[in-house]
Amino acid sequence: MILGLEFPPLSHIVDWPVFLFEDTAFGINKVVLIYFAAAILTMLIFVLGNQRKLVPTGAQNLAESSVNFIEEGIVMQSMGPRGLKWAPMLTALFFFIFFCNIFEIIPAVQMPATARIALPMFLAIFVWFVFNIAGMIEHGPIGYLKHSLIPPGVPAGLLPIIVPIEFVSNFLVRPFSLMVRLFANLLAGHILLVTFAVLTAALWTTKWYAVFLPLPLFAVIFFTAFEILVSFLQAYVFTLLAAVYIDSATSHEH
Amino acid sequence: MILAEITDTGLAALTYGIGALGPGIGIGYLVGQAVQAMARQPEAAGMVRTTMFLGIAFVEALALIGFVVFFLGQA
């Protein structure tokens, strides 16, 4: 049995033609438009959340409860009260990633901007600079290196082994895993949705095997709901890990 | 009748499947233990949940690296 199913090459489902400013470094395609939309929505959250009405309504309500979620659910759980000054940055990070992700399931857009490696890479490098610079301001450059490379209570004989391991895990693996986690999760979700949508379209025939059509159709609906959860969860995990990295770079426990 | 043909794509997919085994077991165990901890001490649920997501993020990274390598193998 041949379904006549032709899955598009992977580059076709994430590549979008540049339609403005072609052949320059500032070419604009669908993904760039999604960046702008997400940035504008993030700014709206801040502007509308700043109205300071006593009884919040509408957007202010949403903004206040989400800022509360960032402060209580991310900052207080990972950094404690001294991390509250980082709450505005983490809020912006969370919402920007969330909006970039959620365009995956919004009809007529249906492209997660984070499924292109550029945005996760930029965000991971940004977080890398933030936690390193914050640590250097807190401890001084030399003190920061000591703080992050030498765990407390390690015997001196083990240092030649421990220091390279700590260096790789703190300075190389951290941004890499941040980047890959966000990118791969959203790319996988996008491919999953495309697969079942293509399968549904291929079964839209008068042949007998059209009776299988409800299966991929329900899968599309189920995975769309699942991707809402993934979009939220990945934004949450990225923000949480950024908070944890900043905390471990600036902590004074040892 | 050919049941399965070993191609580069098939091999890459199979390798990713094997690579996903470990993180699958890991996440299952991790979340199970976290649920147990939350059930025993509901007042610590917030802290346990945060730590659980952190752990999931680290374990999941292994499977996701496999996923990316799968695509690198295609290119």
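How many helices and how many strands does chain A have? I began my notebook with that count, and I found eight helices and zero strands in chain A.

**Entry: the model as a whole**

I note at the outset that I am working with a predicted model, and that its scores are ipTM 0.74 and pTM 0.87. For chain B I looked up the confidence separately, and I recorded a mean pLDDT of 83, with 88% of the residues of chain B reaching 70 or more.

**Entry: chain A, overall**

I followed chain A from the N terminus on and wrote down its elements as α-α-α-α-α-α-α-α. I then took the extent of the C-alpha trace of chain A along its principal axes, which comes to about 75 × 55 × 40 Å.

**Entry: H5 against H8 in chain A**

I looked next at helix H5 of chain A, residues 118–139, and helix H8 of chain A, residues 214–250, whose axes come within 8 Å and cross at roughly 20°. Angles under 35 degrees count as roughly parallel, and therefore I describe H5(A) as roughly parallel to H8(A). The crossing in which H5(A) passes H8(A) is right-handed.

Which residues make this contact? On the side of H5(A) I listed Val127(A), Val130(A), Phe131(A), Asn132(A), Ala134(A), Gly135(A) and Glu138(A), and on the side of H8(A) I listed Ala242(A), Tyr245(A), Ile246(A), Ala249(A) and Thr250(A). Sorting the residues of the contact of H5(A) with H8(A) by class, I get eight nonpolar, three polar and one charged.

**Entry: H2 against H4 in chain A**

I then turned to helix H2 of chain A, residues 30–48, and helix H4 of chain A, residues 87–102, which pack at an angle of about 135° with their axes 9 Å apart. That angle makes H2(A) oblique to H4(A). I recorded a right-handed crossing for H2(A) as it passes H4(A).

From H2(A), the residues that I find in the contact are Ile34(A), Ala38(A), Ala39(A), Leu41(A), Thr42(A) and Ile45(A), and they meet Ala92(A), Phe95(A), Phe96(A), Phe99(A) and Cys100(A) of H4(A). By class, the contact of H2(A) with H4(A) divides into 10 nonpolar residues, one polar residue and no charged residue.

**Entry: the loop between H4 and H5**

I went to the loop between H4 and H5 of chain A, where Ala108(A) is found, and I checked the backbone of Ala108(A), whose phi is near 75°, a positive value in a residue other than glycine. Is Ala108(A) buried or exposed? I have Ala108(A) down as exposed, because 5 other C-beta atoms lie within 10 Å.

Gln110(A) also has its place in the loop between H4 and H5 of chain A, and I note that phi of Gln110(A) is near 45°, a positive value in a residue other than glycine. I count Gln110(A) as partly exposed, because it has 16 C-beta neighbours inside 10 Å.

**Entry: Phe223(A)**

I looked up Phe223(A), which is found in helix H8 of chain A. With 19 other C-beta atoms within 10 Å, Phe223(A) is partly exposed; the cut-off for a buried residue is 20 or more. Which residues is Phe223(A) in contact with, leaving aside its neighbours within four places in sequence? I found Leu192(A), Leu193(A) and Phe196(A). I also took the separation of the C-alpha atoms of Phe223(A) and His190(A), which is 9.8 Å for two residues that stand 33 residues apart along the chain.

Of the 75 residues in chain B, buried residues make up 7%. Among the contacts in chain B between residues at least 6 apart in sequence, I find that 76% join residues at least 24 apart.

For the interface, I recorded 12 residues of chain B in contact with 13 residues of chain A. The side of chain B that touches chain A has, by class, nine nonpolar, two polar and one charged residues.

Conventions
Residues are numbered from 1 along each chain as its sequence is written. Chains are lettered from A and ligands numbered from 1 in the order in which they are written. This is a predicted model: local features need pLDDT of at least 70, side-chain atom pairs count only at pLDDT 80 or more; totals for chains, interfaces and linings use all residues. Two residues are in contact if their C-beta atoms, placed from the backbone, lie within 7 Å. Ala, Val, Leu, Ile, Met, Phe, Trp, Tyr, Cys and Pro count as nonpolar, Asp, Glu, Lys and Arg as charged, and the others, Gly among them, as polar. pLDDT is the predictor's confidence in each residue, from 0 to 100. A residue is buried if 20 or more other C-beta atoms lie within 10 Å of its own, exposed if 12 or fewer, and partly exposed in between; C-beta atoms are placed from the backbone. Axes are lines fitted to C-alpha atoms, for helices over the stretch in contact, and angles run from 0 to 180 degrees between N-to-C directions. Helices (H or I, at least four residues) and strands (E, at least two) are DSSP runs, numbered from the N terminus. Angles under 35 degrees count as roughly parallel, over 145 as roughly antiparallel, 65 to 115 as roughly perpendicular and the rest as oblique. A crossing is left-handed if the near helix is turned anticlockwise from the far one by less than a right angle, and right-handed if clockwise.
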